[in-house]
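Please consult the sequence and the structure shown below.

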Amino acid sequence: MPHHLPLIIAAAAGWAACLTGIAWVISAWLGRSLSIAETVLLGGTLGVVVAVIVQVRLQRQRRKLDDMRDSALW
């Protein structure tokens, strides 16, 4: 997997979250509820954000374990 792919995914998810948030605020201001498409977009955006965060944390933990193992060998 390319090194910058998680960053690109996070940026796209953040952009979608901002657009959805703006749509949500405007729809609340106009007195209507979110449409099904807006709700699905919000759920998908949150899912992508959670997946990226989990992936980054797992990768960080793997690197930490590798560093500890390498230092134990020396």
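## A buried serine

Ser27 lies in helix H1; helices (H or I, at least four residues) are DSSP runs, numbered from the N terminus. The model is a predicted one, in which local features need pLDDT of at least 70, side-chain atom pairs count only at pLDDT 80 or more, and totals for chains, interfaces and linings use all residues. Residues are numbered from 1 along each chain as its sequence is written, and side-chain values use heavy atoms, with hydrogens and water left out.

Ser27 has a relative accessible area of 1% and is therefore buried (under 20%; exposed is over 50%, partly exposed in between, with a 1.4 Å probe and protein chains only). Apart from neighbours within four places in sequence, Ser27 contacts Arg32 and Leu34, contact meaning heavy atoms within 4.5 Å.

## Two helices

The axes of H1 (residues 5–30) and H2 (residues 36–73) come within 9 Å and cross at roughly 150 degrees. H1 is therefore roughly antiparallel to H2 (an angle over 145 degrees, on a scale from 0 to 180 degrees between N-to-C directions, with axes fitted to C-alpha atoms over the stretch in contact).

Residues of H1, including Ile9, Ala13 and Trp24, meet residues of H2, among them Leu41, Val48 and Gln55.

## The salt bridge

The structure holds one salt bridge (a side-chain nitrogen of Lys or Arg within 4 Å of a carboxyl oxygen of Asp or Glu). Asp66 forms a salt bridge with Arg69, with the closest N and O atoms 2.8 Å apart. Asp66 and Arg69 are three residues apart in helix H2, so about one helical turn separates them. Asp66 is partly exposed, at 33% relative accessibility.

How values were computed: Angles under 35 degrees count as roughly parallel, over 145 as roughly antiparallel, 65 to 115 as roughly perpendicular and the rest as oblique.
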